[in-house]
Amino acid sequence: KLEGIEVFSQPTIRIRDIVANVTLNQNGDGVAEFAIPVKCDALNRKEARIHYALRLNDATVITEGDREMALDMRREDTLRFACVVPAKALWSAKNPTQLRLELESRIDNRIVECITRNIGLRQTELRNGKLLINNEYATPNLAEWDAVKNLDEVVKLGYNGIIITLDRDAAKVIEECEKRGLYVVVRTP
């Protein structure tokens, strides 16, 4: 048995990535635009139905729908949808709200892929060299992740974020920062 190694078989039509862009409307709510590239690895034309749902919690559905996709050999297309996200559901350091994005792919009416991601949606912008999150100025005070032992220590020492080198263990730390409302600057090794 090898530890830390996972083996899986990808479906012939698969979700390749999830990209979200948020802009604020005049009411302060977020307009989230999603782009989800879908790739076909088959040597012939394949069809799939992709269902999506964005939830604030188990009871509140922000948006949901589905789309039929037909892709030729080794082609790629992008599933796009947009929705309005209430201001109270946008992520900020003071309010680290996470939404749940659920994606389900069906080929010949069989579920072949299910993806669930907790995501924090926010508008980020640099204006005059300053960071804005949802049109409010943010002042990151960052600690080197290698210099602290855990995220509790980051907060205890008065920092509101970390600088982390992207490696295989970084994803878990970044996910936890997202939950806690901590800023993250990622650098390459």
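**Close-up 1. The side chain of Asn134 meets the backbone of Trp91 in this predicted model.** A polar atom of the Asn134 side chain lies 2.9 Å from the backbone oxygen of Trp91. Asn134 sits in the loop between β10 (130–133) and β11 (136–138). Its relative accessible area is 14%, so Asn134 is buried, the cut-off for buried being under 20%.

**Close-up 2. Asn134 and its surroundings.** Set aside the neighbours within four places in sequence. Asn134 is then in contact with Leu24, Leu90, Trp91, Ser92, Arg122 and Gln123. Trp91 in this list also supplies the backbone oxygen that lies 2.9 Å from a polar side-chain atom of Asn134.

**Close-up 3. An open sheet of four strands.** The strand order is β5-β4-β7-β8. Pairing is antiparallel. At the edges are β5 (61–71) and β8 (110–119), each pairing on one side only. From one strand to the next, the twist averages 15°.

**Close-up 4. Strands β4 and β5 side by side.** Strand β4 covers residues 46–55. Ten bridges join β4 to β5, and the two run antiparallel. Arg49 stands opposite Glu68 in β5. In general, strands of a sheet pair through backbone hydrogen bonds.

**Close-up 5. Cysteines without disulfides.** A search of the whole structure finds zero disulfides. Cys40 is in none; the nearest cysteine sulfur belongs to Cys114, 19 Å away. Cys40 has 0% relative accessibility, so Cys40 counts as buried. Cys83 also counts as buried, because its relative accessibility is 7%.

Technical notes: Residues numbered from 1 in each chain as written. Predicted model: local features only at pLDDT ≥ 70, side-chain atom pairs only at ≥ 80, totals over all residues. Heavy atoms only, no water. Buried < 20%, exposed > 50% of the residue type's maximum accessible area, 1.4 Å probe, protein only. Polar contact = N/O pair within 3.5 Å; in protein donor to acceptor, adjacent residues only side chain to side chain. Contact = heavy atoms within 4.5 Å. Disulfide = S-S within 2.5 Å. Pairing = 2+ DSSP bridges. Axes fitted to C-alpha atoms, helices over the stretch in contact; angles between N-to-C directions.
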